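Student: I have a two-chain model open and want to work through it. Can we go contact by contact?

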Protein chains: 2
Amino acid sequence: MAEIGSIISNKQVILKHYVAAGSAIKESDMYVTTTSITLKLPEGSNALLIKTLYLSCDPFLQFIMKNTPGLTGYTFFSPGSPICGYGVAKVLESGRPEFKKDDLVWGLMGWEEYSLVTNSQSFSKSTTLMYHSPTIQGFLNEVSRLKKGEYVFVSAASGAVGQLVGQFAKLAGCYVVGSAGSEEKVDMLKNKLGFDEAFNYKLEDEDLDAALKRYFSEGIDYYFEQVGGKMLDAVLLNMRNHGRIVTCGMISQYNVPQPHGIVNLMLVGLKRLQILGFTHRDHDHVYNNFLDFVLPLIRNKKITYVEDIAHGLDNAPTALAGLFTGRNFGKQLVAVAPHDHHY
Amino acid sequence: MAEIGSIISNKQVILKHYVAAGSAIKESDMYVTTTSITLKLPEGSNALLIKTLYLSCDPFLQFIMKNTPGLTGYTFFSPGSPICGYGVAKVLESGRPEFKKDDLVWGLMGWEEYSLVTNSQSFSKSTTLMYHSPTIQGFLNEVSRLKKGEYVFVSAASGAVGQLVGQFAKLAGCYVVGSAGSEEKVDMLKNKLGFDEAFNYKLEDEDLDAALKRYFSEGIDYYFEQVGGKMLDAVLLNMRNHGRIVTCGMISQYNVPQPHGIVNLMLVGLKRLQILGFTHRDHDHVYNNFLDFVLPLIRNKKITYVEDIAHGLDNAPTALAGLFTGRNFGKQLVAVAPHDHHY
């Protein structure tokens, strides 16, 4: 156990260089190094000294790693500095009255074993280790708008967000179909997560329209969009009048030199569709409300949450890069330090 | 004056053949012919016998002329029959208690001098001759959501709908810029309709993004979308976080063999945008509410409404085809029979 006041080694995952727009994030865009840190808050500081437990691999990190123009509202990091994203940590020493030693906290933190966090605005106490993307919080507003019997399609359905969206839609009484990128993921959606149907989009790539028509003979009322590209074009053809498309990202389009151009967007007017974009950034402040909602569902086995855990910061670059190739099976986390993990 | 019971000649504009998807509507897709009609309702009929006064040239007509798959909710017509669209007519003989002789009525009617209308569900009494597309009715819900000081962009701004949208936004206290396809139209927007700025998109075609940045250094809060294609892609780059895009059609994309693929749609999530589609079809029942709202504004010269009137059914095919090449200057109408035209 690291003692306050001691100087100890501190492993970090560093961004090597900005990644070119349109390129995939690769392991080699990061490196792991070890520095040292003095486990002591400066006198009178209102910072937090934390020990990192779990880190979340989120697609939004690549916008920062690519230095995307026009990006606002993120915690930025630059080449030579540790990656910074959402995680859960234990407080070693606190300069803020809201937090005390041994509290578990959730917020934006560096990818390193120990951090002196001077900008801890994003932090909140977390009584549990629920690590997935706060994106899903934004979806909660949406859940209340789902009506029993509606036809719901979820892409990237086995991922961090899709798996919950699909299960929430099932709880709301909807017919729910998901798409994913392997037979194993499809099997999980149907047999573990309770989706009505699921399909492997890679096997339907030649005619996604036909695949959707097979599962949605009446059309789609609600599409939870996470991939963009050809799938979105095919979905537009199959939306019902007054349907809603909710998107928190289009992961198929981030890392391609030339994005697929959406050609069926004129149907938005004709079918009177709504397309609503949201990200976690508007919802971070209700993270604890979200936990209050979802944790009982998980404990009572109404909802299953599938996680893919990489162990140790040495494996973090591979885990993050794997998000963009669909390597992860469920929500991708990095376990930085051993800790009991339960809901 | 045509007498009830007489048999008189009846000029009609007939759809010659279905138009291929992706082709522009041309004059030669229609022909004008003259038949005869007996000016008499059948005994006990609940139809209406009407004399056509004005017809509205609306972009949606091409969906029917192209026999677009999946289209619902329209009044269809097929090759060999008259075009059928919105118009204003005078009742010659009424089989419905709500209407009487000499009433002015508004609704879906054939492109012919006289009609026996058996399906008059769309009809309502119109105390005035306000002929433009009912699309604008749907926008009224939107107007209330515009906030003073917001940055508003309107494409196809000199057309039937755009000219009103821009003026309503000005009344709401917004900064309003419009795009149109000629210097003459740009001049009208700035000097007659009170837009803050306007530009000719044909002269900015090489770099629409730069043009928008020139007029919207702070970005766009609200885009009234009517054209789609390259303009939409450029607008997405310039939308502010939480901006709204409202679309009732994308006229640049209807008549091209291969639509422009929208590549910047991933910004919808990142910027938390809303895209809302609507058409007149959800709003026809509030047409008279719309008139109550807009006519006083026109009479008190708070709003100017610019119309382009073709005279006689012989000129109707040219007028309709001209919509798709931007030939019209303001709302395109066909005056079928002489009638006082005022608001």
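Student: Which side chain does the side chain of B:N200 join in a polar contact of 3.0 Å?

Tutor: This is a predicted model, so local features are used at pLDDT of at least 70. B:N200 sits in strand β10 (residues 197-200) of chain B. Leaving out residues up to four places away in sequence, B:N200 touches B:A180, B:G181, B:S182, B:E183 and B:V186. Of these, the side chain that makes the polar contact of 3.0 Å belongs to B:E183.

Student: Is B:N200 buried or exposed?

Tutor: The cut-off for buried is under 20% relative accessible area. B:N200 has 8% relative accessibility, so B:N200 counts as buried.

Student: Now another asparagine. Which backbone oxygen does the side chain of B:N328 reach?

Tutor: B:N328 is in the loop between α9 (316-322) and β15 (331-335) of chain B. At 10% relative accessibility, B:N328 is buried. The side chain of B:N328 comes to 2.9 Å from the backbone oxygen of B:G330.

Student: Which residues does B:N328 touch, not counting those up to four places away in sequence?

Tutor: Start with the spacing to B:I309. B:N328 and B:I309 are 19 residues apart in sequence and 8.9 Å apart in space, C-alpha to C-alpha. The contacts themselves are a separate list. B:N328 touches B:K185, B:D308, B:G322 and B:L323.

Student: On to charges. How many salt bridges does the structure hold over all chains?

Tutor: One of them joins B:D29 and B:K26, with the closest N and O atoms 3.8 Å apart. A salt bridge needs those atoms within 4 Å, so a distance of that kind qualifies. Over all chains, the count is 30.

Student: Which residue forms a salt bridge with B:D103 at 3.4 Å between the closest N and O atoms?

Tutor: B:D103 is buried, with a relative accessible area of 7%. The salt bridge at 3.4 Å links B:D103 to B:K100.

Student: How far apart in sequence are the parts that the pair B:K125 and B:D103 ties together?

Tutor: B:K125 forms a salt bridge with B:D103, the closest N and O atoms being 3.7 Å apart. B:K125 lies in strand β7 (residues 124-125) of chain B, while B:D103 is in the loop between β4 (84-94) and β5 (104-110), so the pair ties together parts whose separation in sequence is 22 residues.

Student: How far apart in space are A:F168 and A:V294, C-alpha to C-alpha?

Tutor: A:F168 lies in helix α3 (residues 162-171) of chain A. At 2% relative accessibility, A:F168 is buried. A:F168 and A:V294 are 126 residues apart in sequence, and their C-alpha separation is 9.6 Å.

Student: Now the interface. How much area is buried between chain A and chain B?

Tutor: Chain A and chain B each bring 32 residues to the contact. Carbon and sulfur atoms give 68% of the buried area. The area is about 2,600 Å².

Student: Which residues of chain A lose the most area to chain B?

Tutor: Together they account for 24% of what the chain A side buries. They are A:M266, A:L270 and A:R272.

Student: How many residue pairs are in polar contact between chain A and chain B?

Tutor: Salt bridges across this interface come to zero. Polar contacts are counted where both residues have pLDDT 80 or more. That count is four residue pairs.

Student: Which element gives the largest share of the side of chain A that touches chain B?

Tutor: Elements that give two or more residues are β12 (239-247), α7 (267-270) and β13 (274-277) of chain A. The largest share is four residues, and they come from β13(A).

Student: What is the bridge partner of A:I275 in β13(B)?

Tutor: β13(A) pairs with strand β13 (residues 274-277) of chain B. The pairing is antiparallel, over three bridges. In it, the partner of A:I275 is B:I275.

How values were computed:
Residues are numbered from 1 along each chain as its sequence is written. Chains are lettered from A and ligands numbered from 1 in the order in which they are written. Side-chain values use heavy atoms; hydrogens and water are left out. Contact means heavy atoms within 4.5 Å. Buried area is the accessible area (1.4 Å probe) that two parts lose on being put together, summed over both. A salt bridge is a side-chain nitrogen of Lys or Arg within 4 Å of a carboxyl oxygen of Asp or Glu. A polar contact is a pair of N or O atoms within 3.5 Å; within protein, one must be able to donate a hydrogen and the other to accept it, and residues adjacent in sequence count only if both atoms are side-chain atoms. Two strands pair if DSSP finds at least two bridges between them. Buried means under 20% relative accessible area, exposed over 50%, partly exposed in between (1.4 Å probe, protein chains only).
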